Amino acid sequence: MISSLKKRTRFSLNRRQKTFLTLFSLIVFLICIVLVGALLDEGRIATNLVDRNLVPSFDHPFGTDWLGRDMFTRTIMGLSLSIGVGLIGAVGSISIALILGTAAAIMGNKADRLISWLIDLFLSVPHLVTLILIAFTLGGGFKGIVIGIALTHWPSLARIIRVEVMQIRTSEFVKVSRQMGKSHWWIALHHMLPHLVPQVLVGFTLLFPHVILHESAVTFLGLGLSPHEPAIGIILSESMKYLSSGMWWLAFFPGLCLLIVVRTFDNIGEKLRMFLHSN
C-alpha cells in the first residue's frame, strides 16, 4: 500500500511538472511572436512592385501581396498587434468584472440586483454585436476597439467572481473582521482578493482568445483598427478581393496563424487551470 502511494505521488508530481513545462513553453511561444513582431524590419512591408504577387518561397515564406509587401512580416506584425490590443482590452474587462462582481456580493441586495440585471443585459446580446456598436459609436480605431472589448467581455467572469465572493464572505475570518469594525472594501482587499487571483488568471487566459477573434472580426468589417495598420483583420479583408485570382496565400497563412495563436491561448488557460487546481 505504501509503495502504491509513492507511485501515485510520483505520478502526480510528474504530471504537474509536465503541465508547468507545457504552460511555460506556450507562454514563451507567444512572447517570441510579440518580440519578433517588434524586431522585424518595417521595410519589408513597404511597397515593392517588383516583387508583387510572389508565391511562397524561401525569401518570402508567406508570399507577397499585390503591392510587393512580404506577407510573413505583415502576418507576424499583425499577430503582435492583435496580442497587444487583446492584452489591453482584456485587462480592462477583467478589472470591470472584478470590481462589479465583488461589489454585487458585498454591497447589499440593491447593488446585487442592479449588477445582476446589468450582467444579464450584456449577456442577452452577443458580444460581437455590442462590440461593433461601441466601436462604431467611438469612431473605430485603436481607442474604439479597446474600449469596446473592455466593455463587452466582462459579464461572464463577473458572475463567477460574484458567486465566489458570496461563498468567501460567510467564512469565519471574514466574520471576525466585521466584528472588529473593518469596512467592506478592506475585507474585499485583504481577504477576498487573494482567493480570487486563481479565478482571475484563468478567466483572463480563457477570455483572451475571444478578444483576439472579435478584434479581428470587427477590423475585418472595417470598424476596428486603421487600414494602415498591419492587423490580421485588415490583411484578411484585403485578401478577399484577390482569392478569385488564385492568390490563396494572402488569406491562408494569416488565417492559419491567427487560429494557432487563439488555440495557444486556449491551451494556456486549460493548463493554468490544471496547474492551479493540482496544488
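Which residues in H2 meet which residues in H6? Before the answer, please keep in mind that this is a predicted model. From H2 the residues are Ile94, Ala97, Leu98, Gly101, Thr102, Ala104, Ala105 and Ile106. On the H6 side they are Leu157, Ala158, Ile161, Arg162, Val165 and Met166. By class, that contact has eleven nonpolar residues, two polar and one charged.

Now the geometry of that pair. The axes of H2 and H6 cross at roughly 40 degrees and come within 8 Å. Angles under 35 degrees would count as roughly parallel, so H2 is oblique to H6. The crossing of H2 past H6 is right-handed.

Let me step back to the chain as a whole. The C-alpha trace spans about 75 × 60 × 30 Å along its principal axes.

H2 has another partner, helix H3, which covers residues 109-123. Here the axes are 7 Å apart and the packing angle is about 140 degrees. Why is this pair oblique? An angle has to be over 145 degrees to count as roughly antiparallel, and H2 and H3 are therefore oblique to each other. This time H2 passes its partner H3 in a left-handed crossing. H2 contributes Leu100, Ala103 and Ala104, and H3 contributes Ala111, Asp112, Ile115 and Leu118. Six of the residues in this contact are nonpolar, none is polar and one is charged. Note that Ala104 of H2 is in the contact with H3 and also in the one with H6.

The next pair is helix H4, residues 127-137, with H8. Their axes lie 10 Å apart, at an angle of about 50 degrees. That makes H4 oblique to H8, and the crossing is right-handed. His127, Leu128, Leu131, Ile132 and Ala135 of H4 meet His214, Ala217 and Val218 of H8. The class count is six nonpolar, two polar and no charged residues.

How much space lies in the largest pocket? About 380 Å³. It is lined by 15 residues, and the closest to its centre are Leu157, Ile160, Val202, Gly203 and Leu206. Leu157 we have already met, in the contact of H6 with H2. Helices H6 (155-168), H8 (184-220) and H10 (249-277) are the elements that give two or more residues to this lining. H8 has the largest share, with seven residues. The lining divides into seven nonpolar residues, seven polar and one charged.

The second largest pocket holds about 290 Å³ of space. It has 14 lining residues, with Ile27, Leu30, Phe204, Phe208 and Phe265 the closest to its centre. At least two lining residues come from each of H1 (2-39), H2 (71-106), H8 and H10. Which helix gives the most to this lining? H1 does, with five residues. What does the lining look like by class? Twelve of its residues are nonpolar, two are polar and none is charged.

Methods
Residues numbered from 1 in each chain as written. Predicted model: local features only at pLDDT ≥ 70, side-chain atom pairs only at ≥ 80, totals over all residues. Heavy atoms only, no water. 1 Å grid on protein atoms, 1.4 Å probe; cavity = no way out; pocket = protein on both sides within 12 Å on 5 of 7 lines; lining within 4 Å. Points joined across faces, edges and corners; volume = space filled by probe spheres on them. Helix = DSSP H or I, 4+ residues; strand = E, 2+ residues; numbered from the N terminus. Nonpolar A, V, L, I, M, F, W, Y, C, P; charged D, E, K, R; others polar. Axes fitted to C-alpha atoms, helices over the stretch in contact; angles between N-to-C directions. Parallel < 35°, antiparallel > 145°, perpendicular 65-115°, else oblique. Left-handed = near helix turned anticlockwise from the far one by under 90°. Contact = heavy atoms within 4.5 Å.
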